[in-house]
Amino acid sequence: QKTIDQDKRARVLAIANQKGGVGKTTTAVNLATALAACHKKVLIIDLDPQGNASTGLGIDRAHRQRDIYRVLLDDMVMADAVTPTKVPRLSLVPSSSDLSGAELELVETERRVYRLKDAFHSVLRDFDYILIDCPPALGLLTLNALVAADGLLVPLQAEFYALEGLSHLMQTVERVKQLYNPELKLHGIAVTMYDRRNNLSDQVADDVREYFGDLVFKTVIPRNVRMSEAPSFGLPALLYDWRCQGSQAYIKLAAEVLKRDGERFRKPAAAL
Ligand code: ADP
Ligand code: MG
């Protein structure tokens, strides 16, 4: 018996920002885990050749044979590359080092910006959410994510140069909307690695709110050492330390995401 009704299709969110180290992967992994804790079925696509989401979810190299590269470039059916994780209701399509060549190889393919969107057909009905962890660039991989997505979620690190590059990202979104995906929406901006002892953090949060208003999530993700420790154990922070401030912030972020999508938020009963 199917647990998800037949007409339902997954909401696809691209987690993107062409800057590295701003919290894309941490957000993809922990927002996905938080949504799973809130009873949603979630799939993460690790679209970064560095494979940090795959490592952070404890998927070792031996279990990355069926990976996103083969889906995009070898016509592997995506459903066959879906790999379970330690988190109930959370699965992953892993990345592999082959993906580092994909930017160039995609140029030669048919429907090169639609490869990911086309591949989603085999999994859309099996999940409530699909989160795409994008690489730190605005190349063909990120373009595939934006073309396949319903919404873009931008992690923004609370530091001095945070807003730099954001206008370029917004121009890219406009171009994608005009050319390939008119339905694409800016789902929200999440301020990450916020340090309340640092005035600059407040300044950045204020600036981005002034510019983007309610598109900025109310929940701010604090800088928290438990967040940075978790990936080395191959665990999402929410499994590593459910009660730490960072984990709890991602639960709140999940609640906001669900609210924006008109979904009911059922508070997770207990730690995963
Ligand atoms: P990106 O995917 O954008 O490159 P990551 O999510 O990998 O960024 O984060 C960059 C680094 O910052 C990683 O080492 C990660 O563990 C750390 N980090 C991310 N979010 C937090 C946080 N809230 N508190 C502390 N460290 C964090
Ligand atoms: Mg990353």
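Biologist: How far apart are the end C-alpha atoms of residues 11-185?

Modeller: This is a predicted model, in which local features need pLDDT of at least 70, side-chain atom pairs count only at pLDDT 80 or more, and totals for chains, interfaces and linings use all residues. Residues are numbered from 1 along each chain as its sequence is written, while chains are lettered from A and ligands numbered from 1 in the order in which they are written. The span 11-185 is 34% helix and 17% strand, where helices (H or I, at least four residues) and strands (E, at least two) are DSSP runs, numbered from the N terminus. Its end C-alpha atoms are separated by 12 Å.

Biologist: Which UniProt annotation covers residues 11-185?

Modeller: The annotation comes from an unreviewed UniProt entry. UniProt positions are given in the numbering used here, feature names are shortened, and annotations may be inferred rather than shown by experiment. For residues 11-185 the record reads "domain: AAA".

Biologist: What average pLDDT does the protein chain have?

Modeller: pLDDT is the predictor's confidence in each residue, from 0 to 100. For the complex, the predictor gives an ipTM of 0.99 and a pTM of 0.96. In the protein chain, 97% of the residues score at least 70, and the average is 94.

Biologist: What is the radius of gyration of the protein chain, and why does it agree with a compact globule?

Modeller: The chain has 11 helices and 7 strands, and its C-alpha atoms fill a box of roughly 50 × 40 × 35 Å along the principal axes. The radius of gyration is taken over C-alpha atoms, and the globule rule is 2.2 Å times the number of residues to the power 0.38. For 272 residues a compact globule would come out near 19 Å, so the chain agrees with its value of 17 Å.

Biologist: How many residues of β2 are buried?

Modeller: A residue is buried if 20 or more other C-beta atoms lie within 10 Å of its own, exposed if 12 or fewer, and partly exposed in between, with C-beta atoms placed from the backbone. β2 pairs in the parallel sense with β4 over 4 bridges and with β5 (residues 129-133) over 5 bridges; I44 stands opposite L92 in β4, and L43 has I130 as its bridge partner in β5. V42, I44 and D46 point one way and L43 and I45 the other. β2 is largely enclosed by the rest of the structure, so the buried count is 5 of 5.

Biologist: Is R89 buried or exposed?

Modeller: R89 lies in the loop between β3 and β4 (90-93). Its phi is positive, about 70 degrees, although R89 is not a glycine. R89 has 21 C-beta neighbours inside 10 Å, so it counts as buried.

Biologist: What is the phi of H39?

Modeller: H39 sits in the loop between α1 and β2 (42-46). H39 is partly exposed, with 15 other C-beta atoms within 10 Å. Its phi is positive in a residue other than glycine, near 75 degrees.

Biologist: Which helix supplies the largest share of the shell around ligand 1?

Modeller: The shell takes in residues near the ligand (C-beta atom, placed from the backbone, within 6 Å of it). The ligand is surrounded by 18 residues, the closest being K24, T25, T26, M227 and S228. α1 (24-37) and α9 (225-229) each supply at least two residues of this shell. The largest share, 3 residues, belongs to α1.

Key: Pairing = 2+ DSSP bridges.
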